[in-house]
Amino acid sequence: MTAADIPAVHELECRLFPVDAWPRQMFDAELAQAETRRYLVAERAGQIVGYAGLMCIEPIADVQTIAVVPEQEGQGIGAALLTELIRESRLRRAEDVLLEVRADNPRAQQLYRRYGFEQIHVRPRYYRDGVDALIMRLRLGTPGTPVTDTTPREADRP
């Protein structure tokens with residue numbers, strides 16, 4: 001993601017998360033912190049169809065956001081974004097990757113579980129509309145684990 005992508009990303013953010021959308025300035029602030037952040041976009045036919053962001057302060061990485069436009073869901077975009085965030089977490093020597101996911105979003109929960117994330121906590125009424133957040137963690141282990149090991153577990157593949 002570059003500064004030039006922010007208007008399109010923010011438009012998607014408001015469309016996909018109308019109640020919890022980040023203000024545009026937040027994307028600007030996140031991109032300005034390259035030493036601890038990594039933000040990506042996914043494009044199809046020159047249009048941004050997904051985006052994701054990571055904050056990593058060793059030894060913890062935290063998925064800040066991940067989104068795919070509904071008309072492109074199920075095509076591997078979310079998986080590709082998540083794979084890259086996990087790879088980046090390993091490069092930054094994280095031992096764990098954390099994220100929050102809406103309790104009413106089973107599709108996203110399933111994706112995270114395929115990658116080995118486990119639910120470790122619930123934050124009641126975390127989202128503005130009162131929905132709980134499930135806190136999930138992926139243990140990467142000790143630094144030095146191969147960077148290429150970011151695929152879903154074989155047993156969890158459809």
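## Lining of the largest pocket

By class, the lining of the largest pocket in this predicted model holds 21 nonpolar, 9 polar and 10 charged residues. Here Ala, Val, Leu, Ile, Met, Phe, Trp, Tyr, Cys and Pro count as nonpolar, Asp, Glu, Lys and Arg as charged, and the others, Gly among them, as polar. The lining has 40 residues, and F17, I66, N105, A108 and Y112 lie nearest the pocket centre. A pocket is an open set of points on a 1 Å grid over the protein atoms alone, where a 1.4 Å probe fits, with protein on both sides within 12 Å along at least five of seven lines; lining residues have an atom within 4 Å of a point.

The space in this pocket comes to about 1,200 Å³, a volume being the space filled by probe spheres set on the points, with grid points joined across faces, edges and corners. At least two lining residues come from each of α1 (6–16), β3 (60–68), α3 (77–91), β4 (96–102) and α4 (106–114). Strand β3 gives the largest share, with 7 residues.

## Ground rules and confidence

Residues are numbered from 1 along each chain as its sequence is written. Because the model is predicted, local features need pLDDT of at least 70 and side-chain atom pairs count only at pLDDT 80 or more, while totals for chains, interfaces and linings use all residues; side-chain values use heavy atoms, with hydrogens and water left out.

The mean pLDDT (the predictor's confidence in each residue, from 0 to 100) is 90 for the chain, and 89% of the residues reach 70 or more. Over residues 145–149 pLDDT stays under 50, and the model has 7 contacts there beyond four places in sequence, where contact means heavy atoms within 4.5 Å. Residues 152–158 also have pLDDT below 50, with 10 contacts beyond near neighbours in sequence.

## Fold at a glance

The chain has 4 helices and 6 strands, in the order α-α-β-β-β-α-β-α-β-β from the N terminus on. These are DSSP runs numbered from the N terminus: helices are H or I with at least four residues, strands E with at least two.

Of the 158 residues, 43% count as buried, meaning under 20% relative accessible area, with exposed over 50% and partly exposed in between (1.4 Å probe, protein chains only). Among contacts with a separation of 6 or more, 59% are between residues 24 or more positions apart. The chain exposes about 8,600 Å², and carbon and sulfur atoms supply 50% of that area, by the Shrake-Rupley method with a 1.4 Å probe.

## A buried strand residue

L138 sits in strand β6 (residues 133–139) and counts as buried because its relative accessibility is 8%. Beyond four places in sequence, L138 is in contact with I86, E95, D96, V97, Y115, G116 and F117.

## Loops worth a look

The loop between β2 (47–57) and β3 holds P59, and the peptide bond from E58 to P59 is cis, with omega near 15 degrees. In the loop between β3 and α3 you will find G74, which is exposed at 68% relative accessible area.

R93 is in the loop between α3 and β4 and is partly exposed at 43% relative accessibility. R125 is in the loop between β5 (118–123) and β6, and is exposed at 62%.
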